[in-house]
Amino acid sequence: MTGGWNAAACLALAALAVGWPHRLPGTRRRLLMRTGRAAPTIDLRAVAAHLRERLLRQPRRSAALAGLVAALVGLLLSGLVAAVAAAAYGALATRALLSRRAAGEERERRRRQLDDLCALSADLRAGLPGTGPFAESASPPADRLAGLTRSAVRLAERTGAPLAELVERIEADARAADRGAAAAAAQAAGARATAGLLAVLPVGGIALGYTIGADPLHVLLHTPLGAACALGAVLLQLAGLAWTARLSSARAWAG
């Protein structure tokens with residue numbers, strides 16, 4: 001039991017090391033509150049907000065932290081085998097959730113950029129000065145679409161080319177690229193469905209074991225043969241998920 005608690009303490013320290021920011025938020029005033037001559041106290045809300053923002057921006061680090069926390073819980077509840085399985089599934093679930101959130105934010109950002117392009121083109125067609133995030137040519141481009149638009153602005157300023165037509169062509173090309181990406185994603189839906197089925201398959205197997213009167217968790221977590229089967233299953237599932245993810249990515253690029 002002492003060894004288990006020592007391992008749990010080590011995992012807790014590792015989780016703290018992974019999750020704690022190397023740098024605190026920009027200014028001390030954001031984290032420290034001073035009242036008169038009293039010693040400064042840490043603003044826990046600001047620290048928590050900073051941790052959340054930092055972990056959302058670093059999916060690998062967030063997945064590692066989630067895996068360490070899940071391993072700690074599994075170790076305290078059911079031992080080493082449960083810790084390994086919980087770490088794997090916790091990291092996978094966290095990475096999937098963060099990837100889904102990042103993809104949604106990217107789609108929303110792309111939609112706003114295209115709407116801004118459409119508004120810029122309409123203003124230019126109406127003879128109004130172009131205003132908006134793409135009108136300034138001095139700031140460096142944030143991505144390819146913004147860079148192309150600012151390059152078009154500079155080209156129009158230097159050569160007198162019709163900027164409205166250039167902006168409309170950039171918008172049309174971007175929307176065509178988005179339609180191609182959507183079609184490729186639809187073609188890769190089968191591989192993603194397979195990955196989802198692989199992710200929930202162990203739960204179904206364990207539930208089936210209980211329905212027939214067995215105790216699969218006890219066998220998997222507390223017997224040598226069950227532990228070997230559990231660890232082998234985790235490795236095979238990780239390999240299967242990586243394979244389906246690669247197939248999905250390759251099919252998307254091919255599309």
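1. A quick term before we start: a salt bridge here is a side-chain nitrogen of Lys or Arg within 4 Å of a carboxyl oxygen of Asp or Glu. By that rule, Arg-111 and Asp-115 form one, with their closest N and O atoms 2.8 Å apart. Both sit in helix α5, and because they are four residues apart, about one helical turn separates them.

2. Some ground rules. This is a predicted model, where local features need pLDDT of at least 70, side-chain atom pairs count only at pLDDT 80 or more, and totals for chains, interfaces and linings use all residues. Residues are numbered from 1 along each chain as its sequence is written, and side-chain values use heavy atoms, with hydrogens and water left out.

3. Now the overall layout. The secondary structure comes to 10 helices and two strands, with helices (H or I, at least four residues) and strands (E, at least two) taken as DSSP runs and numbered from the N terminus. Along the sequence the pattern reads α-α-β-β-α-α-α-α-α-α-α-α. With contact meaning heavy atoms within 4.5 Å, residues 24 or more positions apart account for 60% of the contacts with a separation of 6 or more.

4. On to burial and surface. Buried means under 20% relative accessible area, exposed over 50%, and partly exposed in between (1.4 Å probe, protein chains only). Of the 255 residues in the protein, 26% are buried. The accessible surface comes to about 16,800 Å², and 65% of that belongs to carbon and sulfur atoms; these areas come from the Shrake-Rupley method with a 1.4 Å probe, and for residues only the protein chains shown count as cover.

5. Have a look at α5 itself. At 1.5 Å a residue, its 46 residues should span 68 Å, and the end C-alpha atoms are 67 Å apart, which agrees. (The expected span is 1.5 Å times one less than the number of residues in the helix.) Just after α5, Gly-127 takes a positive phi of about 85 degrees.

6. Back to the charged pairs. Side chains of opposite charge can pair when their charged atoms come close. The count for this model is eight salt bridges. Arg-111 and Asp-115 also belong to a network of salt bridges that links them with Glu-108 and Arg-112. Arg-111 is partly exposed at 42% relative accessible area, and Asp-115 is partly exposed at 36%.

7. Two further pairs lie on α5. Arg-101 and Glu-105 meet in a salt bridge at 3.3 Å, N to O, and they lie four residues apart in this helix, about one turn. Arg-101 is partly exposed at 39%, as is Glu-105 at 47%. Arg-109 pairs with Glu-106, their closest N and O atoms being 2.7 Å apart; these two are three residues apart in α5, so about one helical turn lies between them. Arg-109 has a relative accessibility of 28% and counts as partly exposed, and Glu-106 is partly exposed at 39%.

8. What about the inside? In soluble globular proteins, nonpolar side chains tend to be buried together. A nonpolar core is a set of buried Ala, Val, Leu, Ile, Met, Phe, Trp, Tyr and Cys residues joined through side-chain atoms within 4.5 Å. The largest one has 11 residues, including Leu-114, Leu-145, Val-153, Leu-163 and Ile-170. Helices α5, α6 (144–159) and α7 (163–187) each supply at least two of its residues. A second, separate core has five residues, among them Val-81, Ala-82, Leu-221 and Ala-230.

9. Leaving aside neighbours within four places in sequence, Leu-163 is in contact with Leu-124, Ala-152, Val-153 and Ala-156. The 16 residues of α6 should span 22 Å at 1.5 Å a residue, and the end C-alpha atoms are 22 Å apart, which agrees.

10. Tyr-89, Leu-92, Leu-235 and Leu-238 make a nonpolar surface patch of about 330 Å². The elements giving two or more residues to this patch are α5 (80–125) and α10 (224–254). Patches are made of residues with over 30% relative accessible area and no salt bridge, with like charges joined within 9 Å and nonpolar side chains (Val, Leu, Ile, Met, Phe, Trp, Tyr) within 5 Å. Tyr-89, found in α5, counts as partly exposed at 32% relative accessibility.
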